[in-house]
Amino acid sequence: MNSALYRTGLVFVLFLSLSSLSCRMIAKGDSTALQNTQNLKKETDSVLQNPAANTETQLQSDLKTQEVYVAKTSSNDLIVRQWQILDNPQGHSLGQLLAKLQSGAAISKVELQNRQNLIDQEFDQIIELEQDKITRLTATPAAN
């Protein structure tokens with residue numbers, strides 16, 4: 001009887017340990033990803049403010065580097081997917097806009113401003129998700 005009770009207790013402790021580990025892996029905050037995202041947002045705003053500066057190639061490279069970094073390090077599929085949408089040259093976001101700028105296609109100031117607003121919102125969503133992960137990781141339980 002003691003053997004069965006011991007096994008049940010051992011299984012319960014193992015279950016709690018694995019659950020705790022899983023939660024930490026899912027909620028892992030990445031301050032590097034957050035900082036890189038904030039920097040890329042600033043860089044994007046700068047490039048879109050002055051698209052004639054031929055800095056689109058560097059921004060595109062930085063964007064791809066961050067997308068690869070997040071794909072390798074993030075356990076959050078939503079964040080990974082948001083980076084893919086942001087970088088997609090066939091989509092309707094930053095990747096497509098950079099491809100248009102590099103090809104020399106004419107883009108009106110109104111279209112550029114509208115796209116910039118949308119892209120800023122997309123960056124803000126990624127930043128918010130990264131901040132939430134970090135906040136959840138560092139939050140302490142409320143005292144009763």
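The model is predicted, with local features needing pLDDT of at least 70 and side-chain atom pairs counting only at pLDDT 80 or more, while totals for chains, interfaces and linings use all residues. Residues are numbered from 1 along each chain as its sequence is written, and side-chain values use heavy atoms, leaving out hydrogens and water.

**Asp87**
- Asp87 sits in helix α4, residues 77-87 (helices are DSSP runs of H or I, at least four residues, numbered from the N terminus).
- Asp87 is buried, at 7% relative accessible area (buried means under 20%, with a 1.4 Å probe and protein chains only).
- Setting aside neighbours within four places in sequence, Asp87 touches Leu63, Lys64, Glu67 and Gly95 (contact means heavy atoms within 4.5 Å).

**α3 with α4**
- The axes of α3 and α4 come within 9 Å and cross at roughly 160° (axes are lines fitted to C-alpha atoms over the stretch in contact, with angles from 0 to 180 degrees between N-to-C directions).
- That makes the α3 and α4 pair roughly antiparallel (over 145 degrees).
- From α3, Leu63, Lys64, Gln66, Glu67, Val70 and Ala71 meet Ile79, Val80, Trp83, Gln84, Leu86 and Asp87 of α4.

**α3 with α5**
- Helix α3 (residues 56-73) and helix α5 (residues 94-103) have axes that come within 10 Å and cross at roughly 155°.
- So α3 and α5 also run roughly antiparallel to each other.
- The α3 side of this contact is Glu56, Thr57, Leu59, Gln60 and Leu63, and the α5 side includes Leu94, Gly95 and Leu98.

Definitions and conventions
Helix = DSSP H or I, 4+ residues; strand = E, 2+ residues; numbered from the N terminus. Buried < 20%, exposed > 50% of the residue type's maximum accessible area, 1.4 Å probe, protein only. Parallel < 35°, antiparallel > 145°, perpendicular 65-115°, else oblique.
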